[in-house]
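Biologist: I am new to this structure and would like to learn how to read its charged pairs. Could we go through them together, step by step?

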Amino acid sequence: MKFNEKILDLRKKKGLSQEELGRELNVSRQTISKWESGQSYPDFEKLVLLSDFFELTLDELMKDIDVQDIKEKNHKSIDISYFESVLKTIIKSIVWFGWFIIIIVVVCAIGSLITTGKLIQP
């Protein structure tokens with residue numbers, strides 16, 4: 001049984017809605033939904049809370065989990081976060097470069113006005 005199926009099964013056996021389980025674990029209904037649909041996995045702290053809530057050991061909670069599936073999802077999220085950080089760096093560089101160009105244009109314009117005598121009148 002996959003982890004998402006196990007969480008869904010455990011929740012339904014307790015007769016809880018996603019919102020009720022979310023309240024117990026201090027997470028949103030959407031987070032529970034993502035866990036149950038296999039879109040994401042809980043962090044270690046939430047796994048401990050889940051095992052306590054369902055009165056299971058971590059071993060019992062995690063047994064028969066498709067580890068390769070979790071590795072692939074984690075790898076994808078790492079790739080996405082890496083590209084997000086690269087994109088943010090590029091955007092910051094572009095913004096700084098834009099300000100640099102603006103400053104150069106203003107300095108050149110002022111210099112031109114001074115040398116032509118248009119800025120300072122005798």
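Biologist: Which side chains meet in a salt bridge at 3.5 Å, N to O?

Modeller: Side chains of opposite charge can pair when their charged atoms come close. Here a salt bridge means a side-chain nitrogen of Lys or Arg within 4 Å of a carboxyl oxygen of Asp or Glu, and the side chains of Arg 23 and Glu 19 meet in one at 3.5 Å, N to O. Please keep in mind that this is a predicted model, in which local features need pLDDT of at least 70 and side-chain atom pairs count only at pLDDT 80 or more, while totals for chains, interfaces and linings use all residues. Residues are numbered from 1 along each chain as its sequence is written, and side-chain values use heavy atoms, with hydrogens and water left out.

Biologist: Where do Arg 23 and Glu 19 lie?

Modeller: Both lie in helix H2 (residues 18-25), four residues apart, about one turn of the helix; helices are DSSP runs of H or I with at least four residues, numbered from the N terminus.

Biologist: How many salt bridges does the structure hold?

Modeller: The structure holds three, and one of them joins Glu 36 to Arg 11, with the closest N and O atoms 2.5 Å apart. This pair links distant parts of the chain, with Glu 36 in helix H3 and Arg 11 in helix H1, 25 residues apart.

Biologist: Are Glu 36 and Arg 11 buried or exposed?

Modeller: Both Glu 36 and Arg 11 are buried, where buried means under 20% relative accessible area, exposed over 50%, and partly exposed in between (1.4 Å probe, protein chains only).

Notes:
Helices (H or I, at least four residues) and strands (E, at least two) are DSSP runs, numbered from the N terminus.
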